[in-house]
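Have the structure open while you read.

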Amino acid sequence: MSLIKNIAEEIKTAMKAKDKVRLESLRSIKSAIMLAQTEKGAGAELNEEEELKILTRLQKQRKDSLAIYEEQNREDLASEERAQLEVIEEFLPKALSPEELENYLTKLIAEVGAAGPQDMGKVMGRASKDLAGRADGKSISAKVKELLAN
């Protein structure tokens, strides 16, 4: 089932359950997908990779907002962002643990023949593509720097 159809079904369920936060989160996902479809051209279907990018972008927006609200001690707004973030993350692939990320990057570094920090671009390009939705760019970058510095 495509993501947009899955979201539509979840919206119906959230409406019946009168779950306001979930409904709002699902509608924001649907809105972002529909906006992306209209940008590409009328009736264009998004592939899984494009849908994943949209969800990742929404996830990052919620995390950034959450950090700001927590910094300003606005727990009322932070709790709403946290709830929306949970809903968005339901549709993303399972995130890698730090150990899994390190194992993957170690193999990738050996595979591309990266010798030091100057080869970070080779590793990052491939890792970002392969790990889309499963690890954020910041954690990938930090771990690659750490592994290439040794």
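**Pockets and a helix pair**

1. Let's start with what the largest pocket is made of. Its lining has seven charged residues, four polar ones and three nonpolar ones. Keep in mind throughout that this is a predicted model.

2. On volume, the largest pocket holds about 330 Å³ of space. There are 14 lining residues, and those closest to the centre are T56, Q59, K60, D136 and G137. If you want to click your way there, those five names are a handy place to begin.

3. Which elements give two or more residues to that lining? They are α3 (48-71) and α7 (137-149). Of the elements, α3 gives the most, with eight residues.

4. Now the second largest pocket, which has about 240 Å³ of space. It is lined by 17 residues, and K63, A95, R134, A135 and D136 are the ones nearest its centre.

5. At least two residues come from α3, and at least two from α5 (98-112). Here too α3 gives the most, this time with three residues.

6. Since α3 keeps turning up, how does it pack with α4 (residues 75-90)? The angle between the two is about 160°, and their axes lie 9 Å apart. An angle over 145° counts as roughly antiparallel, so α3 is roughly antiparallel to α4. The crossing of α3 past α4 is left-handed.

7. For the residues behind that packing, look on the α3 side at L55, L58, Q59, R62, K63, S65, L66, Y69 and E70. They meet L77, A78, E81, R82, Q84, L85, I88 and E89 of α4. By class, the contact has eight nonpolar, six charged and three polar residues.

8. Finally, the overall picture. The chain has seven helices and zero strands, so the pattern along the sequence reads α-α-α-α-α-α-α. Taken along the principal axes, the C-alpha atoms fill a box of roughly 55 × 45 × 25 Å.

Methods. Residues numbered from 1 in each chain as written. Predicted model: local features only at pLDDT ≥ 70, side-chain atom pairs only at ≥ 80, totals over all residues. Heavy atoms only, no water. 1 Å grid on protein atoms, 1.4 Å probe; cavity = no way out; pocket = protein on both sides within 12 Å on 5 of 7 lines; lining within 4 Å. Points joined across faces, edges and corners; volume = space filled by probe spheres on them. Helix = DSSP H or I, 4+ residues; strand = E, 2+ residues; numbered from the N terminus. Nonpolar A, V, L, I, M, F, W, Y, C, P; charged D, E, K, R; others polar. Axes fitted to C-alpha atoms, helices over the stretch in contact; angles between N-to-C directions. Parallel < 35°, antiparallel > 145°, perpendicular 65-115°, else oblique. Left-handed = near helix turned anticlockwise from the far one by under 90°. Contact = heavy atoms within 4.5 Å.
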